[in-house]
Amino acid sequence: MAEHQIAYFLRELHGAADPARRAAAAKGLGRTGRPEHAAVLARAAGDPEPAVRAAAAAGLARLAGGDGSPRVRGAAAEALPALLADGDPQVRRRASLAALRLGLDGPRITDAFARLLTDPDRHVRINALTALHARGVPGDAAAVAGLLGDPDPTVRGLARALLYRCADDPAVAAHVLRTAREGEGAARVEAMAMVPARCTGALLDSLLTGLRDPSARVRTAVAARLASVDTATARDALAAALDDEPDPHTAAVLLRGAARRGDPRAAAAALRWLTDPVAGPAAAHALGRLDTPGAAERLRSALDDGTLPAPVRAAAAVAVAEGGGWDAVWLLLPLLDDEDPALRTGALDALGVLVERGLRLWERHTVAWALTAHLESGQDTWPTRNALRGLGQALPGLRRLADRAPDGEVRAAALSLLDADGDTAPQDLRRFVTGLDDPDEAVRYQAATALHAWMEATGELPPDSGPAHERLSRLATTDTSPRTRHAATEALTTLAALTTVTTRETPPCG
C-alpha cells in the first residue's frame with residue numbers, strides 16, 4: 001500500500017497542474033517516503049508556488065524521522081538555505097522549523113538563521129533564536145541585543161538566554177553594553193539588567209542622562225541602578241530628577257533611594273507624592289526616614305486621613321513606629337479596628353517594630369492585651385502573630401488561645417509563640433505534645449516544629465518522651481501534610497538521638 005501511495009505522490013508532485021495537489025503530494029511524500037526521496041523534495045523546494053515550497057520544507061523534516069538520515073540531512077542542507085531567505089513568510093516559517101528539527105549546521109545555515117533574527121514573523125524569530133542557542137553562537141550579536149526590546153515575551157526571553165550563553169564573546173558583551181547605554185525602551189532596560197554591577201562605572205554617563213529618557217521604564221531602571229552610586233554628581237542628578245518626575249513608579253524608586261541616602265531634598269517631593277496610590281507608600285517611608293520639619297506631623301495626620309489609599313496609610317503607620325515617638329503606640333492601636341485589611345496589616349507591622357525595639361513599661365500590657373484580642377478575633381492571624389513575637393506580657397493570653405481558641409489557625413499561631421529556647425514552662429511542653437493530636441494540620445505542624453526546636457535548644461528529652469515518640473512516629477508516616485510529616489520526622493530524629501545519648505550516659509545498676 002505504501003508503495004502505491006509513494007508512486008501516486010511522485011506523479012502528483014511532478015505532473016499536477018494544481019499547486020494545492022503538488023503541496024499535498026509533498027506533504028504525503030514526507031510522511032510515507034524513504035530517504036532516497038529526499039532529492040525529490042529538495043527539487044520541489046524550487047517550485048514557483050509558495051505553498052509547495054513550504055510543503056517541501058515540512059516534508060524534508062518529516063522524512064528524516066527520528067534517525068536523522070544523512071541522505072535527508074544532506075538534501076535538506078542544500079535546499080533549506082534558499083527557503084530560509086524566501087520572500088514568503090509561510091515558507092520561511094516552515095523552512096526554519098525544518099532546519100531546527102533536522103539540527104542542520106554549518107556557516108550557510110548559521111548565517112541564514114542570523115538574518116532571520118529580524119524577521120517580521122515572531123515564529124521565525126523564535127525558531128532562529130532557538131537554533132542559534134542550540135549551536136551556542138549569537139549569529140548577529142547586534143540583532144540579538146535588539147530583540148531584548150521585542151514586543152513578544154518569548155522572543156525577549158530567548159534573546160536574553162542566548163546573550164547570557166554567549167556572554168564571553170567580546171562582540172556580545174560590547175553590544176549588550178551599547179544597548180544599555182544607547183538602546184530604546186524595553187531593550188535598554190533588559191540590557192541594563194544584564195550588565196554586572198561591577199560595570200556600573202562604564203554606564204555612569206548614560207545613566208545620568210537616562211534620568212531624562214522619554215521612557216518611564218528606562219527612567220525607573222536608571223534610577224534603580226544609580227541608587228548604588230555614591231557620588232555627589234549622582235546624588236544631585238537623582239534629587240533633580242525627583243523634583244520633575246511625572247511617573248509614579250519612577251518616583252517610588254527615586255523616593256526609596258533618597259530615603260536610603262537620607263537626602264533631605266526629597267522631602268518636598270515626598271509630600272507631593274504622598275496621596276498617590278503607587279508612589280505614596282515610598283513617600284511615607286521617605287518622610288519617616290528624612291525626619292524633616294513637618295514630616296512627623298504629616299505622617300500622624302495621614303493615619304486618620306480616610307481620603308488616602310490604605311497602602312499609603314499602612315506605610316505611614318510603619319514610618320510613625322520607626323520614628324519612635326512617645327505617642328506612637330496610642331496612634332497605632334485604634335487602627336486594628338479599621339475595616340481595610342491593608343491598613344490593619346500596616347498597623348500590625350508597625351506595632352511589631354515597636355515590640356522589637358522595646359516598648360516602654362507602661363505600654364507593654366496594653367499592647368499585649370490588644371494584640372492577643374486581635375489574634376483571638378481570627379483576623380490577620382499571622383501578621384498579628386509576627387507583631388506579638390518577643391512580647392512576654394502576652395504569654396498568659398497566648399497559652400489560653402493555644403488551649404481553647406476555636407479557630408485552628410489561631411491555636412497554631414499562639415502555639416508557635418510559646419518560648420522554645422529552653423525557658424519553656426513545663427505546661428508548654430505538654431501543649432506541644434498534645435498539639436501533635438490536634439485535628440487542625442496547622443497546629444500539628446507548629447507543635448512538631450516547637451517540640452523539635454526545644455529539644456535542639458536544650459539537648460534534653462521532653463517529660464514522658466514515650467507518648468511524644470509515639471505521636472511523632474504516627475505523624476511522620478500517616479499525616480496528610482508533607483510539611484507536617486517532614487517536621488515530625490526531624491523531631492523524631494532528634495528525639496532518637498537524644499534517647500541514645502541518655503541511654504549511654506546512664507550508669508549500669510550494681
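The buried residues of helix 27 pack against helix 25 (395-404), helix 26 (408-416), helix 28 (441-458) and helix 29 (465-478). In helix 27 (residues 426-435) these buried residues are D428, L429, R431, F432, V433 and G435. Buried here means under 20% relative accessible area, exposed means over 50%, and partly exposed lies in between, with a 1.4 Å probe and protein chains only. Helices (H or I, at least four residues) are DSSP runs numbered from the N terminus.

A word on the model before going on. This is a predicted model, in which local features need pLDDT of at least 70 and side-chain atom pairs count only at pLDDT 80 or more, while totals for chains, interfaces and linings use all residues. Residues are numbered from 1 along each chain as its sequence is written, and side-chain values use heavy atoms, with hydrogens and water left out.

Now to two helix pairs. Two packed helices are described by the angle between their axes and the distance between the axes. Axes are lines fitted to C-alpha atoms, for helices over the stretch in contact, and angles run from 0 to 180 degrees between N-to-C directions.

Helix 5 (residues 70-84) and helix 7 (residues 107-116) have axes that come within 9 Å and cross at roughly 20°. Helix 5 and helix 7 are therefore roughly parallel to each other, a label for angles under 35 degrees. Their crossing is left-handed, that is, the near helix is turned anticlockwise from the far one by less than a right angle. On the helix 5 side, A77, E78, P81 and L84 meet R108, I109, A112 and L116 of helix 7. By class, this contact of helix 5 with helix 7 has six nonpolar, no polar and two charged residues. Ala, Val, Leu, Ile, Met, Phe, Trp, Tyr, Cys and Pro count as nonpolar, Asp, Glu, Lys and Arg as charged, and the others, Gly among them, as polar.

Helix 6 (residues 89-102) and helix 8 (residues 122-135) pack at an angle of about 20°, with their axes 9 Å apart. That makes helix 6 roughly parallel to helix 8, and helix 6 passes helix 8 in a left-handed crossing. R92, R93, S96, L97, A99 and L100 of helix 6 make the contact with H123, V124, N127, T130, A131 and R135 of helix 8. By class, the contact of helix 6 with helix 8 has five nonpolar, four polar and three charged residues.

The table lists their contacts, where contact means heavy atoms within 4.5 Å and residues up to four places away in sequence are left aside.

| Residue | Relative accessibility | Contacts |
|---|---|---|
| R261 | 25%, partly exposed | R235 and L238 |

N127 lies in helix 8, R261 in helix 16 (residues 248-261) and R385 in helix 24 (residues 381-388). The C-alpha atoms of R261 and S228 are separated by 9.8 Å, with the two residues 33 apart along the chain. For R385 and L375, ten residues apart along the chain, the C-alpha separation is 7.2 Å.

Finally, the aromatic rings. Rings of Phe, Tyr and Trp (its six-membered ring) pair if their centres lie within 6.5 Å; planes under 30 degrees apart count as stacked, over 60 as edge-to-face and the rest as tilted. By this rule the count comes to one aromatic pair. The ring centres of Y8 and F9 are 5.9 Å apart and their planes stand at 55°, so the pair is tilted. Y8 is partly exposed at a relative accessible area of 38%, whereas F9 is buried at 13%.

Terms used:
Helix = DSSP H or I, 4+ residues; strand = E, 2+ residues; numbered from the N terminus. Parallel < 35°, antiparallel > 145°, perpendicular 65-115°, else oblique.
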